[in-house]
Amino acid sequence: MMRARWIWLSLLTLGALSAGLSLGATPISIGALWAGLKDPAADAAPIIRELRLPRVLLGFLVGGGLAVSGAVLQALVRNPLADPFVLGISGGATLGAVVAISAGLSSPWAVPFAAFVGALVTLLLVYRLSLVAGRRLDSNVLLLAGVVASSFTMALVTAILMLVDATRLQNSFRWMLGGLWSASWTTVLMFALYAIVPLGVLLSQARSLDLLALGEEPARHLGADPERVKRLAYLATGFLTAVAVATSGAIGFVGLLVPHAVRRLWGPLHAPLLPAVFLAGGGFLVLADALARSIAPPVELPVGVVTALVGVPLFAILLRRRLA
Amino acid sequence: MVDDAGDTTRLAQPASRVVSLSPATTELIFAVGAGDRLVGRTRWCDYPDAARTVPDVGDGLPPNVESVLAQHPDLVLLYRSPQNVDAAERFRAAGSAVLQLDFNHLSDVSRLARLLGPLVGRAGEGDSLAAALEQELARIQLPPEGHRPTVLILAWDQPPMAIGAGSFQSEILALAGGRNVFEDIAAPSATVSIEAIAARDPALILVSDTGTPGFARRPEWNVVTAVRERRFLHVNTPAFGRPSPRAPALVLELRGLLNRSGQ
Amino acid sequence: MIIRGAGLVLRYPGVAAPALAGVSVALDKGELVAVVGPNGSGKTTLLRALLGSQHLEAGAVEVEGRPLEQWRPRELARVVGVVTQREEILFSLTVRETVELGRYAHLGPLAGPRDTDHTAVAQALQRADVFGLAERRTDTLSGGEWQRVRVARALAQNPRALLLDEPTVALDIRHEMEVFELVRKLAGQGIGTLLVTHHLNLAARYADRMLLLNRGSVVAEGTPAEVLRSEVVSAVFEWRVAVTSWCDGAPQIVPLKPGE
């Protein structure tokens with residue numbers, strides 16, 4: 001019984017990955033897909049190997065990372081409505097990106113780098129703001145500080161956008177909607193390297209997170225060190241989210257809906273939950289991106305729109321089955 | 001007369017205090033010789049040079065209603081957009097004649113020259129401008145047969161945004177002898193995936209910066225042959241951004257670039 | 001002596017009067033100590049002070065002879081189990097999963113549960129009489145059942161001392177008696193239990209020692225007979241009471257109606 005659900009999840013994820021590889025602006029048959037993967041000289045090979053495959057992998061990693069961040073944050077702030085962006089990190093990233101876009105910097109890495117810096121600065125500021133009496137990280141203050149940071153950064157973004165010309169305005173908006181256009185083997189590798197430490201930290205804290213979800217007092221009585229767990233959890237999810245947003249903008253719904261849905265099926269214990277959430281989130285984003293690329297080719301829809309359009313009905317179905 | 005929003009306006013006599021709220025109409029007003037009647041322009045109106053002496057009333061989309069009305073215009077020219085509907089109402093309520101204009105295509109230049117000429121007491125100039133433009137464009141028409149290199153007009157790279165058939169730039173490209181690689185996109189612009197670009201394999205990529213664009217250094221863009229081989233066309237004349245009487249010169253300039261590219 | 005608190009003074013920020021004004025308490029193995037007193041007398045605060053949940057203005061707490069500050073949370077959880085008055089449920093687990101969380105202090109971060117852990121969990125479920133509820137989800141439990149599950153969770157820690165804050169609040173007679181029987185049995189097995197309760201009469205029949213608190217100070221300490229005397233209880237609780245005794249010799253408090 002327990003094994004079955006993992007098999008199902010793995011199959012669904014693999015299905016999503018295959019869909020991601022075969023759907024796109026130019027549909028490629030499974031046969032051509034195999035040929036392209038194996039033989040570098042095949043027709044569609046450069047597109048498959050240098051564009052689609054990295055894109056599917058990046059989507060998987062980003063989706064998985066955002067979903068895990070969401071799941072952990074929900075335990076950290078003891079609120080099932082939390083998502084990775086509730087702590088203001090996406091606001092900081094957007095501000096960084098918009099500044100870079102408005103300044104018209106020529107380096108192609110300027111925007112992601114500025115977004116990353118913006119995200120990290122916001123992460124640390126919110127952390128500092130949430131330290132009550134200089135030591136204790138208060139979860140409620142954290143939420144509040146995150147909301148404040150989001151509002152502040154978005155106000156700055158709006159102000160900047162009012163001053164720039166129409167082209168930069170449109171470019172900024174389009175960036176903000178997010179997407180996996182920056183996918184290449186370099187991007188995938190960089191993301192994987194950046195993400196592996198926070199993911200590892202979060203996985204190692206799985207049991208402590210179970211305790212933290214009970215409340216700080218019960219957690220302490222059972223032997224956890226709530227301050228340490230909160231610190232690690234916040235910094236790890238913050239860093240992971242920062243890398244994700246810098247790479248692909250603020251893609252919504254993955255960090256909120258996927259943890260919810262998976263928790264309903266897997267239960268809230270984090271040791272089995274976090275890997276399942278990673279797989280589900282990764283598969284979900286890959287699928288959403290595949291749809292975004294293939295609904296109205298050659299136009300590409302913003303992937304955040306697709307995650308909402310696909311995610312919300314799926315979630316509604318899940319809710320009804322649970323209640324029934 | 002009826003403007004492009006379907007609203008009717010009447011002017012008893014040619015307007016003497018005109019506020020132009022888009023760079024294209026500002027340029028056109030000057031082109032028909034009525035620049036002296038302009039009492040307000042947007043801060044983006046930078047052509048011709050004489051336009052800079054006209055008072056700046058802020059943005060055009062949406063406009064700053066107070067600063068426009070402070071100039072006591074009798075005619076306000078707006079770019080047609082849902083964002084400007086409110087402002088149009090308020091200008092009308094203040095007693096000014098208001099025109100909301102679609103100014104997106106090459107054909108709009110002659111159409112609007114004919115429309116606006118009489119409104120600013122330059123009916124003759126308006127007509128002759130329109131006629132001259134049409135003649136010039138007909139003269140520089142290329143024969144339908146002949147090689148037309150495929151070109152990607154790239155507006156932005158994060159995410160990749162391509163200019164589609166619905167835009168003025170695509171029209172200029174077509175006249176110049178190129179084929180928009182995304183001519184099947186009806187909209188003026190749309191986000192596309194690098195994959196779509198790679199699959200369509202344009203011969204040239206038209207960008208607005210000088211020098212090799214930044215995105216050419218990114219690995220994912222180098223799957224596109226034209227990027228890998230640095231086959232870029234650089235067009236950064238502001239005239240490329242909006243329909244204007246300068247179009248024929250622009251077509252010739254672009255044609256020259258295409259020919260020199262060897263594609 | 002498992003837990004000893006000496007001269008504990010604790011003040012809540014912004015409140016002039018101290019919540020604890022120099023309280024000393026000791027818990028030895030095998031004994032059942034009941035802490036009683038009116039609302040606001042400092043019973044729960046005392047518990048929090050003993051666990052280090054609240055900062056002390058003065059006084060010191062020692063667990064098994066070592067100062068509390070020197071204990072790491074994981075170490076302490078292997079010695080002391082705690083059941084607080086109330087616990088909100090954020091994500092619902094099964095009862096078994098809940099009790100398994102009690103083994104946290106005995107497990108490494110990445111290690112899975114071993115046989116000893118499974119046994120400890122099974123025993124804890126039995127002792128707290130929630131074995132039959134093992135596969136039920138915690139959000140379907142009644143208040144009393146949830147309380148007993150939390151007792152089971154604390155027992156899964158294999159503690160040498162148990163601190164319970166008003167554990168019988170939501171329970172019916174049967175389950176109230178079962179909790180007191182349970183802690184009495186645990187005391188017999190060597191686990192020292194400190195029980196904060198408002199149930200004077202049951203405390204009188206089960207506890208070895210009682211502490212009567214009022215306004216942050218210990219008013220009386222000793223056996224139930226020594227502590228529960230009508231003048232003292234009437235004064236502290238600001239209501240006239242009479243004291244009778246039950247056939248086992250334990251004093252029983254009977255609050256008097258205004259005319260009696």
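Predicted model: local features only at pLDDT ≥ 70, side-chain atom pairs only at ≥ 80, totals over all residues.
Q: How do the strands of a sheet pair in general?

A: Strands of a sheet are held to one another by backbone hydrogen bonds, in a parallel or an antiparallel way. In chain B, 4 strands form an open sheet with parallel pairing, and their order is S2-S1-S3-S4.

Q: Which strands are the edge strands of this sheet?

A: They are strand S2 (38–41) and strand S4 (97–101) of chain B, each of which pairs on one side only. Neighbouring strands of the sheet are turned against each other by 20° on average, direction ignored.

Q: How many bridges join S1(B) to S2(B)?

A: Strand S1 (residues 18–20) of chain B is joined to S2(B) by 3 bridges, and the two run parallel. In this part of the sheet, Ser20(B) stands opposite Arg41(B) in S2(B).

Q: Which strands does helix H1 of chain B lie across?

A: Helix H1 (residues 23–31) of chain B lies across S1, S2, strand S3 (75–79) and S4 of chain B. H1(B) runs at about 135° to S1(B).

Q: At what angle do the axes of H8(A) and H11(A) cross?

A: Helix H8 (residues 185–204) and helix H11 (residues 226–248) of chain A cross at roughly 165°, and their axes come within 8 Å. Angles over 145 degrees count as roughly antiparallel, so H8(A) is roughly antiparallel to H11(A). The crossing of H8(A) and H11(A) is left-handed.

Q: Which residues make the contact of H8(A) with H11(A)?

A: From H8(A) they include Phe191(A), Tyr194(A) and Leu199(A), and from H11(A) they include Ala236(A), Phe239(A) and Leu240(A). By class, this contact has 13 nonpolar, 3 polar and no charged residues.

Q: How many residues do chain A and chain C give to their contact?

A: The size of an interface is often given as the accessible area lost when the parts come together. Here the description is by residues: 20 from chain A and 19 from chain C. On the side of chain A, helix H9 (206–212) and helix H10 (216–221) are the elements that give two or more residues. H10(A) gives the most, with 4 residues.

Q: How do the residues on that side of chain A divide by class?

A: They divide into 8 nonpolar, 5 polar and 7 charged.

Technical notes: Residues numbered from 1 in each chain as written. Chains lettered and ligands numbered in written order. Pairing = 2+ DSSP bridges. Axes fitted to C-alpha atoms, helices over the stretch in contact; angles between N-to-C directions. Contact = placed C-beta atoms within 7 Å. Nonpolar A, V, L, I, M, F, W, Y, C, P; charged D, E, K, R; others polar. Parallel < 35°, antiparallel > 145°, perpendicular 65-115°, else oblique. Left-handed = near helix turned anticlockwise from the far one by under 90°.
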